[in-house]
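Please go through the terms used for this model one by one, setting each computed value against its definition.

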Amino acid sequence: MTIRAGIFDLDGTLYFNDSLGREIGRVAAQYIAMIKGIDQQAAWQLIKETRRRLTAENGSEASLSLACETLGGDLRELHRWFSEKITPEAHLQREEQVIAVLSGLAARFPLYIYTNNNISLTARIMAILGVSEFFTRVFTIEDDWEPKPNKATVEAIMAAIGRRPSECLFVGDRFDIDLRLPESMGAKVHLVTTLEDFLELEKFDCGGNNERNQ
Ligand SMILES: [Mg+2]
């Protein structure tokens, strides 16, 4: 199979420490605490229990976005909180090995970001990581406010980039959220939970795959 596009999740996929993810969870708990009139610890527990229940009901991992919506949260407002209160600069740094792999892949086929994060945090995170230049286009929650996994969103991205799922490599850190749906639509997928997993992407940067301009 010739890969003609790479579609990458952002958080947990292009960096591997949990610190920023924990901060996102902490701010989500502040937000739910505010709308429910409960303390932050209780809100954090409520989000955790809601994710667990939704995961059991759906048979696949529920996103933080879905849990917050289920608890009566508004995704737009939640993301305004994220943008205002989260400082990704305090949690992330450049990883030259990640940059090298992305540079090699981007020379073979166009790369895209597809994330449940918002535009402003996504741009800041990509700048800190030093990876902005490798991505042709960024798709965020703000495009349609439908969190992953969502088939209509994947179809809209395919239309926007002019590719079929079978021509794409999807890369993410959560199989149920990032990869299960694209795989069911015919895409190749690669699960990343560590830097070592990420470095394995070099195998897709191979000599025979030089048809990016066709
Ligand atoms: Mg992720």
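Q: What makes the place of Glu146 a loop between β3 and α7?
A: Helices (H or I, at least four residues) and strands (E, at least two) are DSSP runs, numbered from the N terminus, and Glu146 lies between β3 (135-139) and α7 (151-161). This is a predicted model, in which local features need pLDDT of at least 70 and side-chain atom pairs count only at pLDDT 80 or more, whereas totals for chains, interfaces and linings use all residues. Residues are numbered from 1 along each chain as its sequence is written, and side-chain values use heavy atoms, with hydrogens and water left out.

Q: Why is Glu146 called partly exposed?
A: Buried means under 20% relative accessible area, exposed over 50%, and partly exposed in between (1.4 Å probe, protein chains only); the value for Glu146 is 39%, so Glu146 counts as partly exposed.

Q: What makes the contact of Glu167 with Arg4 a salt bridge?
A: A salt bridge is a side-chain nitrogen of Lys or Arg within 4 Å of a carboxyl oxygen of Asp or Glu, and the closest N and O atoms of Glu167 and Arg4 are 3.9 Å apart. This pair links distant parts of the chain, 163 residues apart, with Glu167 in the loop between α7 and β4 and Arg4 in the segment before β1.
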